[in-house]
Amino acid sequence: MDERDVRLLKAISDLGTGSPERLHEETNIPVSTIHYRLNNLREDGVIENDLYDLDHEALGLGVTVIVEVLADYEGPYEEFADALLAVEGVTEAFFTMGETDFVVLARLSSSDTVERLISDFEAIPQVERTNSTFTIATLRDEPRAPATYDLDTLIEELTD
């Protein structure tokens, strides 16, 4: 990845679009070059999709719950994780080191649905305990990590 790729990825993150015309306006990189580089970034797996981002609150899924899961399971963690990921509302899950085995983030429609979420986790035989935290306010929910960096930092850290 070179500086132009990083500039494109930063612009995509900041603008929330992969429109070659908008990216050209932001970066002054020629549109034909943008098409070529976006295709290469897709082929390299850096750009995964062209989906629209959703505002969870506007959608009606404005209750965010962070759940720590302590589990006693045998075998690969991925097999156990499949059970966690099957619980409705789970949007992110992380295998962690330390006292907690997994951290799960769920987007729910109301505080009433938290009980269902926790019951679904506790119905998984290997789950020993959960610890849930309601979020009061979302301070940042940025799905594109480059938007949280200064362009110079990205260029320094990511270019060859």
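1. **Basis.** This is a predicted model, in which local features need pLDDT of at least 70 and side-chain atom pairs count only at pLDDT 80 or more, while totals for chains, interfaces and linings use all residues. Residues are numbered from 1 along each chain as its sequence is written, and side-chain values use heavy atoms, with hydrogens and water left out.

2. **Domains.** The domain assignment gives domain 1 as 3-52 and domain 2 as 57-134. Such bounds come from an automatic or database domain assignment. The C-alpha centres of domain 1 and domain 2 lie 34 Å apart.

3. **α1 against α2.** Helices here are DSSP runs (H or I, at least four residues), strands likewise (E, at least two), numbered from the N terminus. The axes of α1 and α2 are 10 Å apart, and the packing angle is about 110°. Axes are lines fitted to C-alpha atoms, for helices over the stretch in contact; angles run from 0 to 180 degrees between N-to-C directions. α1 and α2 are therefore roughly perpendicular to each other. The scale is as follows: under 35 degrees is roughly parallel, over 145 roughly antiparallel, 65 to 115 roughly perpendicular, and the rest oblique. The crossing of α1 past α2 is right-handed. A crossing is right-handed if the near helix is turned clockwise from the far one by less than a right angle, and left-handed if anticlockwise.

4. **Residues between α1 and α2.** From α1, the residues are R7, L8, A11, I12 and L15; from α2, they are R22, L23, E26 and T27. By class, this contact of α1 with α2 divides into 5 nonpolar, 1 polar and 3 charged residues. Nonpolar covers Ala, Val, Leu, Ile, Met, Phe, Trp, Tyr, Cys and Pro; charged covers Asp, Glu, Lys and Arg; the others, Gly among them, are polar. Contact means heavy atoms within 4.5 Å.

5. **E26.** E26 sits in helix α2. E26 counts as partly exposed because its relative accessibility is 47%. The cut-offs are under 20% relative accessible area for buried, over 50% for exposed, and partly exposed in between (1.4 Å probe, protein chains only). Not counting residues up to four places away in sequence, E26 touches A11 and L15. E26 and D5 are 21 residues apart along the chain, with 13 Å between their C-alpha atoms.

6. **α1 against α3.** The axes of α1 and α3 come within 11 Å and cross at roughly 90°. That makes α1 roughly perpendicular to α3. R4, D5, L8, L9 and I12 of α1 make the contact with T33, I34, R37, L38 and L41 of α3. The contact of α1 with α3 has 6 nonpolar, 1 polar and 3 charged residues.

7. **α1 against α7.** Helix α1 (residues 3-15) and helix α7 (residues 151-158) pack at about 135°, and their axes are 10 Å apart. α1 and α7 are therefore oblique to each other. Their crossing is right-handed. E3, V6, R7 and K10 of α1 meet L151, L154, I155 and L158 of α7. The contact of α1 with α7 has 5 nonpolar, no polar and 3 charged residues.

8. **K10.** K10 lies in helix α1. Is K10 buried or exposed? K10 counts as buried, because its relative accessibility is 11%. Leaving aside neighbours within four places in sequence, K10 is in contact with P146, A147, Y149, L151 and L154.

9. T17 lies in the loop between α1 and α2. Neighbours within four places in sequence aside, T17 is in contact with I12, R22 and L23. T17 and D53 are 36 residues apart in sequence and 9.8 Å apart in space, C-alpha to C-alpha. N28 lies in the loop between α2 (20-27) and α3 (31-43). Phi of N28 is near 65°, a positive value in a residue other than glycine. N28 counts as exposed, at 62% relative accessibility.

10. **E88.** E88 is in the loop between α5 (77-85) and β2 (90-95). With a relative accessible area of 58%, E88 is exposed. E88 is in contact with L108, R116 and L117, leaving aside its neighbours within four places in sequence. E88 and A106 are 18 residues apart in sequence and 8.3 Å apart in space, C-alpha to C-alpha.
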